[in-house]
Amino acid sequence: RITRRRGILAPTRRLSIQRGLLLLALTGLGVSPSTFAAQDSEPAPAEAEAAPIVIDMAAPLEAKRPPPPPPEPSALGVYRSYIQSMEASAGAFAPGLTEQLLGLGLNLQALNRHEEAEAVLKRGVHVSRVQSGLYGADQIPLLRAEIRSLTALGRFDEVDERQRYLARVEAEALEGTPASIAALLDQGAWAEQAWELRLGEVETHPEHLARSWEYYRLAYNQTGNLFGDQSLELVKPLEGMLRLQYHFASLQRDSASHNSFDNNNYRQTTALGGVYRRGEAVLTNIYALKRFNGSSPGEQARDLTRLGDWAWWMGRRSHAYNYYEQAWQRITPPPEPPIEVDTPADAGTDSEQPLPSAEDAEPTVAALENGTPAEPSPQDDEVAATDAPPSEPEPEPVDDPVMRAALFETTTPLPDIDSLRPLPPFIRSDAGPVVVQFRVNESGKVTDLERLAVKEVSETEQSESENIASEPVDIESEALDVAVERLFRKMRRARFRPRYEAGAPVETDMIVWSFDLTPPGTDSMALQPQ
């Protein structure tokens, strides 16, 4: 037992000796043995205590990974492999390569991958120019598709540059065909949009309007050559010319307002007069063409009203009254003549005189068909006017209450053209978010304009609105007030077609309209139809 106990205690004795030697060494180094002893006396923790782990069972244990991209359609792979095989066998300008690049680009467009589509289509245009020449017709579908992608990307300066190049290609490749006329109409519409977008330098903005006028003029001339001088197809370019005259007039007015104290006032007034005559000639041709091709009395009244609208908007009131009166008489039968009563022969001086006829009281329609404005003035050479159709007898007026109500009993802001309307969208009731009431006097100006109170809110909506922070509501309300004030300025500046009653302009009763002043989205833009 003693031996075994010695065997057990021997290691302990050796550790004590080692401990003593260590203390002597520490003392020599200046370390207090008591500190070492105190540290040694503390029991060492058997295991470090781990931090508590908190697991939120409401949240996923792993971050949500984005969904994998959808698999690429097999058509794209087919196009790419076929293009690679063509390039490997016949080089970078292999025959038939443009068709494959066009197909690949159109498929990328369908997937809204417009960056890739634009690059592919641009390369297709380059290949086509090498293969078919500078103005080859197979460039046209590639350029049109490239323009669609550039439009979707919002790169409108590049769109304008490609449109100009497309116009040169179309002029060479489509000359003398109906497709050329459609292309010119599309180019004219784009140049109008370029003006509205104010593309390029400020000094070059009016050039967009001049370019658009030239496209419409060429389309008018080509239409006459292909379809005849009295074809209704001529109305399409004439409608574009009419829109441009409104743009030209607005441009001249802005210039006159900025230079009101300049010596150029006379020249600007003369320029406005030329714009008025061109617009009147365009509308006169539209009226004459439609009448020659058998338009109804209601359509004729509508075209005469458009002539009146143009004169009214341009401040030519005497001309406007003449045109409005002709339109009114076209859809309103004359009053019944009074019953004749036998009177003594010596009372001849007191007998009723016959009523004057409409032809005596107004300029004849034949004068309009000949392109003669209500005020004698030389026609502008820039107007591409067709020869007037042969004079026809005056049609009998018809009673058309529907057209009469649409033209003369409905308050209409001018210009009454979809793309040129001066006011935001509205409905003729109090069902919208912003409700206003006003009158229009016999001169077509807004009076008694005010905003109506907002409709009462239900208790549920009121309690929900109380939970919303006050600061965002104030900001939104302030922005709405600014938008309403801007709307009021537009309405006071706008010119309205006057309401007619018994053939004379009168003041309207109180009108209630509702506006939606939410700014429209700018993602979509209607360019040329393809």
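Me: Which residue in β8 does Val434 stand opposite?
Reply: Val434 faces Phe515 in β8. This is a predicted model, where local features need pLDDT of at least 70, side-chain atom pairs count only at pLDDT 80 or more, and totals for chains, interfaces and linings use all residues. Residues are numbered from 1 along each chain as its sequence is written, and side-chain values use heavy atoms, without hydrogens and water.

Me: How many bridges join β3 to β8?
Reply: Five, with β3 (residues 434-440) and β8 running antiparallel. Strands are DSSP runs of E, at least two residues, helices are runs of H or I, at least four, and both are numbered from the N terminus. Two strands pair if DSSP finds at least two bridges between them.

Me: And how does β2 pair with β8?
Reply: Antiparallel, over two bridges, with β2 at residues 426-427. Phe426 stands opposite Phe515 in β8.

Me: How many residues of β8 are buried?
Reply: Four of the five in 511-515. Buried means under 20% relative accessible area (1.4 Å probe, protein chains only).

Me: Switching to the largest pocket: what lines it?
Reply: The lining has 27 residues, with Ser250, Trp313, Leu420, Arg421 and Pro422 nearest the centre. A pocket is an open set of points on a 1 Å grid over the protein atoms alone where a 1.4 Å probe fits, with protein on both sides within 12 Å along at least five of seven lines; lining residues have an atom within 4 Å of a point.

Me: Which element gives the largest share?
Reply: α10, with six residues.

Methods: Buried means under 20% relative accessible area, exposed over 50%, partly exposed in between (1.4 Å probe, protein chains only).
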